[in-house]
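Hello,

Here is the structure I promised to pass on. My notes follow below it.

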Amino acid sequence: MAMYCTKILGEMLLSEPLPNCELKPDQPLPSPNQLLRKILIKNKKKHYPKNIPVNKTTPAAEKDDETLPPPTPEKTRSIPIEEEKTTKDGVLTNGVMDLEKVPSEMDDITESSSEEEEEEQADPEQIVEDQNEGTAAKESEAGAEMSALVHYTQPVRFHSFEYAEKRNRCYEISSFVETQATNLLKEHPVEFVNYNKRQLSRIYPKGTRVDSSNYMPQVFWNAGCQLVALNFQTLDLGMQLNLGIFEYNGRSGYLLKPNFMRRKDRKFDPFTESTVDGIIAGTVTIRIISGQLLTDKRVGTYVEVDMYGLPADTVRRKFRTKPVPNNGINPMYEDEPFVFKKVVLPDLACLRIAVYEDNGRFIGHRILPVVGLRPGYRHISLRNESGQPLQFHTLFVHITVKDYIPDGFSELADALANPIAYQSMVEKHACQLMALTDDDEADDVKESDRSPAKGSIGSSDAGRQAVSKEEKTDSSASQLSRQSAVNGNIQRMAPSRSTSPAALPSLKRQETLRRGLAQSVRSLSDENAQEKVLSLLESEEANLTAEPLEKIKEHKSVQKVLAKLEKDLQALRKKHEKMKEKEKELLMQKEDKLAKAQEYQKTHIVKTHSKLSKKSSGMDAQLMKRRSEAGLMAMSAEHQSKLEELQRNHSQALICITKELYKAELELYERYQEPLYSAIEKSMASSQAAQMDHLKSLHDREVAELMKRLEIQNKEEMKDLSKKHKDKNELARIKRESHQRLIDQAVAERQRFSSLLDKRKSELESQHMEIRKQFEEERSLARERLQQEFQAKISKLLLESEERSVSCTSTEIVEKSPL
């Protein structure tokens, strides 16, 4: 087979990779222009190890090969794809090893071999063959010569989109059975499209299609699959669609995918129902006017018009003309135009116009891509089931292709597209309203209409300018009418206006038109502005500030600990006050005892002196008096010294008691440090959590109000749409669009609310961090601050005691000093 391909195809066969497009990871595939007039072989690829010397095939080698056992079929997996047979071999070209041409193929040989070994070990039981995948996996392995011709279409087993993206080898192609491809498309639509941007994929019918029927290829074209294989022996709808779509582009067999399905920086979801970024949705209208030479039988005929594309664009079995009985030569179909209101993606959509006999027998059809439609009156030649043109069978139709305009902007768009018709309607309405106005108002209107004309007659230059502008208006109006006639929209023209200067009010009417359009645009913008309601997270209610530590310390739990601490302090101080009172009482007792002793001694001295003075003479009496006075003075001095000693002892005792009080207070404070700061920390955490919960509650309330508001809006819109549209399919489509629009609006609003919530939370969290930092600093310095306060109290106590002792000493000196 390899020899036949090489001999017959000759230079058209791509026998080796292109020089500037080597088979390496991260290397994109060559462009179609580089592969122009080249034939690519898709077959299993065989790899060989680098360290085995290879020579050209010899008869002896062939004889050895004959002795080898025949290759056993590969184990089939549940994943229906074609797997490349990987071994530790090199690449052969015409029987000769070629290690330099495909160096990147050797990178994953070991990996593939190990994966196969693990699979064999992991699946000891026999795997049941999936009937959908057919017998592709049981084919014998590729020959060396045929394998050497496979370059840019090397088949590999598909594992996952992430695995393929990680390998990033564009020259590898995976085959998918239609069931597997459908599941992947349903579960990972965007990843499937991105996969097809990078490398090729092939879809083939499942093996259970014993009648050789076909699936709808449009499903996989929407995902960008390049090779969508069909059973060509069956000319069903899928095959007709395939033949018709590839009739486009000169029947070359190749179609270029849209730009957004090729660029890596664009994201595309094939199940989207909204407009794709950068692509303007379209509106297609087709009116079936008549048929020519459809059949020579005397039977009735009718025409069906379907559209295939994205799921949102696909319309089937909806538009059908009324059968025209007993006329197959020139039937006239007097039906309303078929309108495809919104075609989300015209690049992937196509029309199918099919003609049937009234008994359902197929006559002919035509597949027309939407991007290739030519608006206007057209004759469409029909094709048979095999896509061959029928000789005389044609349909006469009128096609209109426009940009899609939502219902809310239809009047504005009509006014912009045909301002003359819009102004004529405005003038007509104004004339009808004149019947309801008073005569005075009508006279005022006439006078106001005449005043510009009178002013313009006075200036010939202004009159000439008005004439030229009027002529331009008339010429543009006639040109627009001709264009409308070509498109089949014959408009009723207003009567010709005079070219005299007195016709200037027409310019005023044009200005009225522009002003009306501006007001319409302004009203639309005002409505959009009103829809954007101020969020609760933007109000003053959401302007929260973190509670400072001073306020947190006022919380009930913290105050409870502080109250308990104060109670213990009061008990401790009361105990020490009792000790002070006891010391004071003891001092008073000692002072009383000392005073009594002094009084007794004084009395004893006086009595002794009086007795001796009576017995002695005058000189002896004087001497005895002096001795008694000296004894009294000595006794008073001794008493004073004892009293001072008592005072000093009492002061030292009080100082010791106060020191013990301060030390006990310090120990009590230190014992209460942990409970106190734990309570402060809990209160701070609860306060900060409450503020965060308040923001969350505002957000939840805002979301609930939003959903309630959107639900009411959705109900009202659905009610209005049900009254406006009678077509069920069109109503369902518009309802889906409206629902999707409301969902998008809800998502956008919720994202806005979430961003506002995150912003508020981040601002509040920064404030909370500052408060927590202050708390940690105060907590770490608490013990040091208590020690400093204790030392300050002790120093103050000692200083006061020294000052008191100094003052007492100075008082005694003053008292003892003579006058």
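First, a term: buried means under 20% relative accessible area, exposed means over 50%, and partly exposed lies in between (1.4 Å probe, protein chains only). The model is predicted: local features need pLDDT of at least 70, side-chain atom pairs count only at pLDDT 80 or more, and totals for chains, interfaces and linings use all residues. Residues are numbered from 1 along each chain as its sequence is written, and side-chain values use heavy atoms, with hydrogens and water left out.

Now the aromatics. The whole structure holds 16 aromatic pairs (rings of Phe, Tyr and Trp, the last by its six-membered ring, with centres within 6.5 Å; planes under 30 degrees apart are stacked, over 60 edge-to-face, the rest tilted).

Tyr302 and Tyr356 are a stacked pair, 5.7 Å centre to centre with 20° between the planes. Tyr302 sits in strand β8 (residues 301-308) and Tyr356 in strand β11 (residues 350-357), so the pair links parts 54 residues apart in sequence. Strands are DSSP runs (E, at least two residues), as helices are (H or I, at least four), numbered from the N terminus. Tyr302 is buried at 8% relative accessible area. Tyr356 is buried too, at 13%.

Tyr377 and Phe396 also stack: 5.9 Å centre to centre, 20° between the planes. Tyr377 is in strand β13 (residues 376-383) and Phe396 in strand β14 (residues 389-403), so this pair ties together parts 19 residues apart in sequence. Tyr377 is partly exposed at 35%. Phe396 is partly exposed at 22%.

There is also an aromatic cluster: Phe158, Phe161, Phe176, Phe192 and Tyr195.

Best wishes
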